[in-house]
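Me: I'm new to this one. Can you walk me through its charged pairs?

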Amino acid sequence: MYFRDIIGLEDLKQRLIDNARSGHIAHAQLFCGNEGSGASALALAYARYLNCHNPGETDACGRCASCLKYDRLAHPDLFMLYPYINGTKLSSEDFLPHWRDMLTNKGAYFSRTEWQEEIKAGNSQPIIYSKESRFLDEKLAYKVSEAKYRIIYIWQPEKMHETLANKLLKLVEEPPERTIILMASFDPNHVLGTILSRIQYVNVRPLSDEEIKEGIRQRGLLSSSGEEQLQTLAHLAQGSFKHALELIEGNEEAQENFMIIEKILTGIMKPDPKEMRRISEEIAALGRESQIRLVSQLGSFFRECLILPFGQWQLNYLRLDQIGLAREIKGAVNEKNIVSLMAECDLAIRHIKQNVNAKMIFFDFILRITSALTPAFKSLGLRKP
């Protein structure tokens, strides 16, 4: 990963480069930002730059022995930790081929969900296991072999087992010589508090619309697109280049989820208990993370439907394929039912996480959504006898 691979954030890149060139380098840093903002990629690009033999004013050289090894993620003084599923694999290093594939195929922008799919996690929740502490000790037992700095890179430190987190705390308090810890987090509030109080934050802001538009142009992703389409995509991306890529690629799962959402909402217009049960069973057949994303997407759709009547496009984030349904039920989501609708979505997500029977969750969820929306549907003449 190079700085040039990361969309926008020129101010932050320059700050990191200035720190590296001046030698004012914090021994433990946390890069935190939303998915798709570039936090994890920035940490890797910074690690490369710190160890480049001939660093330039804007990026690593890409030709020295260190850069060539970073290209393959095979530098002996680079140790990486990331969540995985326990089983026949012994450590994070056993998943290194998957990690390399993700960075090669997805580049700087891939999500937690894509990583889970890559390692075939299913409904299991990947974590960074306590046994990594032993492997970490083994790595630190050796002197830095050829780099300026040994880099410990941790992706999603919020997923660390408590034992490993306490081990890391000791390293942060008493860092080994020429060792730098770089972490990239999407949810820093769940990182051990005593670690957070001892590290330097690198807050990665959401990308601006202009940065996203320029990134799309540079990559030639929409060669025939006009300025209006670019502006719409940048607005819908909400500061995430990953989200922009998903919008361009069609984001197959989001489209499939919206087809289910359409079934739920059009079904309320002419309620049929048998059809409700069929839809609930269709959702129950999905994986747990997919179920959570579907309900979250429905909640987001409710929010956009509430704002739609005000005509403030700057506040509205409806996808292009959602506008038709939103206009069809315009006014059905209002100030009288929005709180209960969002509460039902939150309750369904909580039950999913608690492993409640999925068929029961979603049949009950659809009934509750129907109850909340029926008065508005009737008043608008959308409810069919």
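What follows is a short chat about salt bridges in this predicted model.

Me: How many salt bridges does the structure hold?
Reply: It holds 20 salt bridges.

Me: Start with Lys242. Which residue does Lys242 form a salt bridge with?
Reply: With Glu114. The closest N and O atoms are 2.7 Å apart.

Me: Where do Lys242 and Glu114 lie?
Reply: Lys242 is in helix 11, residues 241-249, and Glu114 is in helix 5, residues 112-118. So the pair ties together parts that are 128 residues apart in sequence.

Me: Is Lys242 buried or exposed?
Reply: Buried. Its relative accessibility is 8%. Glu114 is buried too, at 15%. The cut-off for buried is under 20%.

Me: New topic. What does Arg198 pair with?
Reply: Glu173. Their side chains meet in a salt bridge, 2.9 Å from N to O. Arg198 sits in the loop between helix 8 and strand 5, and Glu173 in helix 7. The two are 25 residues apart.

Me: And how accessible is Arg198?
Reply: Arg198 is partly exposed, at 37%. Glu173 is partly exposed as well, at 42%.

Me: What about Glu344 and Arg368, what is their N to O distance?
Reply: It is 3.4 Å, in a salt bridge between their side chains. Glu344 lies in helix 16 and Arg368 in helix 17, so the pair ties together parts 24 residues apart in sequence.

Me: Buried or exposed, for Glu344?
Reply: Glu344 counts as buried, at 14%. Arg368 counts as partly exposed, at 35%.

Me: Last one. Which residues are linked in a network of salt bridges?
Reply: Lys263, Glu275, Arg278 and Glu282 are linked that way.

Methods
Residues are numbered from 1 along each chain as its sequence is written. This is a predicted model: local features need pLDDT of at least 70, side-chain atom pairs count only at pLDDT 80 or more; totals for chains, interfaces and linings use all residues. Side-chain values use heavy atoms; hydrogens and water are left out. A salt bridge is a side-chain nitrogen of Lys or Arg within 4 Å of a carboxyl oxygen of Asp or Glu. Helices (H or I, at least four residues) and strands (E, at least two) are DSSP runs, numbered from the N terminus. Buried means under 20% relative accessible area, exposed over 50%, partly exposed in between (1.4 Å probe, protein chains only).
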